Every structure is written in C-alpha cells, then in structure tokens.
Amino acid sequence: MSNQISIIVPIYNTEKYLERCLQSILNQSYRNIEIILVNDGSDDNSLAICNKYKDKDKRIIVIDKKHTGVADTRNIGLEKASGNYIGFVDSD
C-alpha cells in the first residue's frame, strides 16, 4: 500500500481510556493505516480490549509483552511497523 501510516500505541494499564483512544483513531478519515497496539504487560483489562478491537478491524495488530517500559514498547512497535510514515498515540 502506498503512503500507509503505522500508528503505534504503547499500552500499560489504561483500560479506562483505551476504548476512547481506539475509537478516535478508527474514526479518522484517512483509511490507509495500520494500528499497532503494544501491550506492555498490563494487569488490567487493556489486553482484552485490544483483542476485542483486533477482532473487529483487520488493520489492528496486537503485541503482548512483558512490562519493560514505554521506550522499549515503542521500539517493538517500530520493528513491526510497515508504513511509509510512523505516528505514536498515547493510550491515555
């Protein structure tokens, strides 16, 4: 896909805000995106929310990993990204 944008969302215990965050991304008019949700070892329902959205939209990729902090979480998202452009969105 040309001019695809990879949106990386590092997630750590943000179940309270996560659905609103994801809806905001999905409501954008530009459709040529991949959304990479990187769960950084959350111990709330964040991972379940990620998986629920992944089942609804094929553009969403979920990565679940042990808690190592936001910098490492972003880097893992960058490794997976395939877009021509990269954007980061905080989950809260």
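Read along the sequence, the chain of this predicted model follows the pattern β-α-β-α-β-α-β, with three helices and four strands (DSSP runs numbered from the N terminus: helices are H or I of at least four residues, strands E of at least two). The radius of gyration, taken over C-alpha atoms, is 12 Å, close to the 12 Å that the globule rule (2.2 Å times the number of residues to the power 0.38) gives for 92 residues, so the chain is as compact as a globular protein of that length. Residues are numbered from 1 along each chain as its sequence is written. Local features need pLDDT of at least 70 and side-chain atom pairs count only at pLDDT 80 or more, while totals for chains, interfaces and linings use all residues; side-chain values use heavy atoms, with hydrogens and water left out.

The four strands form an open sheet with parallel pairing in the order 3-2-1-4, two strands being paired if DSSP finds at least two bridges between them. Strand 3 (60–65) and strand 4 (85–88) are the edge strands, each pairing on one side only. On average, neighbouring strands are turned by 20° against each other, direction ignored (axes are lines fitted to C-alpha atoms, for helices over the stretch in contact; angles run from 0 to 180 degrees between N-to-C directions). Strand 1 (residues 5–11) runs parallel to strand 4 and is joined to strand 4 by four bridges; Ile 5 stands opposite Tyr 85 in strand 4.

Helix 3 (residues 70–80) packs on the sheet, touching strand 1, strand 2, strand 3 and strand 4 (contact means heavy atoms within 4.5 Å), and its direction makes about 145° with that of strand 2. Helix 2 (residues 46–56) lies across strand 1, strand 2 (33–40) and strand 3, at about 155° to strand 3.
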